[in-house]
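Biologist: I have a new model to learn from. Could you walk me through it, one question at a time?

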Amino acid sequence: ALPKWTREEFDSFNELKESNMAGRERKQTDTDKGIVIPDDWPGYPLALFTSPEHYCDDLDCVYIPHGVIMDRTERLARNIMDDLGDHDIVVLCVLKGGYQFCADLVDCIKVLCRHSNKTLPMRVDFIRLKSYLNDHSTQDLHIEGAENLSVLSGKAIVDTGKTMKTLLDHVQAFGPKMIKVAGLLVKRVPSGTGYLPDYVGFEIPNRFVVGYALDYNEYFRDLNHICVISERGKQKYKI
Ligand code: HPA
Ligand code: MG
């Protein structure tokens, strides 16, 4: 089920993951590494779903349909509830790409709360990772009063993991009780640090994907499915 991955590569990936988790609260049961999409996954033909007319020539395939994203997000919400159900949390949405994932994740958590006896008081905050990373300023990071709270950070894509590590260092400075990270997509990149979020939606090949708030030069955020962009799309929206 894991094409082009040797057992050794896979194991070393897992070891890296464990060492990254050292020093952070982690349950033995947190072994969900996400839905693994293999390197040879061709996606679905566009014609089998609907997508905006203005993108009809700009996409190669539907890589992850919106419904599957939602179903997976629902399960992540349940895992999060199981782990954090007794804490007040600050949800830190990593903009821009993470806005749809965060909104849907928060919605799923709210539905779960309504349908169970659990409660999970949430505050939602936003951070624009790129801008604060470039100038090494923490100006965009306002999570005052996060002491004694738990932080759940939601990001759309984790590839090398470097950005995520920097974010975690900054969040740590606010002294939260616990930090958990939810990532919708984790890319199998050769240069990766091995960092894995606590909650992973999908593990995908090293391909550029758009939709569900992920962009190519700010386009395609208005696409519900996660898709692979076509050559024509790349040319059309090139800067
Ligand atoms: N798509 C959009 N934005 C991204 C990606 C991607 O595949 N990887 C990192 N940022
Ligand atoms: Mg982008």
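Modeller: First, a definition: axes are lines fitted to C-alpha atoms, for helices over the stretch in contact, and angles run from 0 to 180 degrees between N-to-C directions. Two residues are in contact if their C-beta atoms, placed from the backbone, lie within 7 Å. Helices (H or I, at least four residues) and strands (E, at least two) are DSSP runs, numbered from the N terminus. This is a predicted model, where local features need pLDDT of at least 70, side-chain atom pairs count only at pLDDT 80 or more, and totals for chains, interfaces and linings use all residues. Residues are numbered from 1 along each chain as its sequence is written, while chains are lettered from A and ligands numbered from 1 in the order in which they are written.

Biologist: At what angle to S5 does H5 run?
Modeller: H5 lies across S3, S5 and S6. Its angle to S5 is about 165°.

Biologist: Which residues of H5 are buried?
Modeller: A residue is buried if 20 or more other C-beta atoms lie within 10 Å of its own, exposed if 12 or fewer, and partly exposed in between; the C-beta atoms are placed from the backbone. H5 spans residues 162–172, and its buried residues are Met164, Leu167 and Val171.

Biologist: Which strands stand at the edges of the six-strand sheet?
Modeller: Two strands pair if DSSP finds at least two bridges between them. This open sheet has parallel pairing and the order S1-S7-S6-S5-S3-S4. Each edge strand has a single partner, so one side of it is left without a neighbour in the sheet; the edges are S1 (35–36) and S4 (122–128).

Biologist: What is the bridge partner of Leu92 in S4?
Modeller: Seven bridges join S3 (residues 89–95) to S4, and the two run parallel. In S4, the partner of Leu92 is Asp125.

Biologist: In S9, what is the bridge partner of Val209?
Modeller: The open three-strand sheet has the order S2-S9-S8, with antiparallel pairing. Two bridges join S8 to S9 (residues 226–229). Val209 has as its partner Val228.
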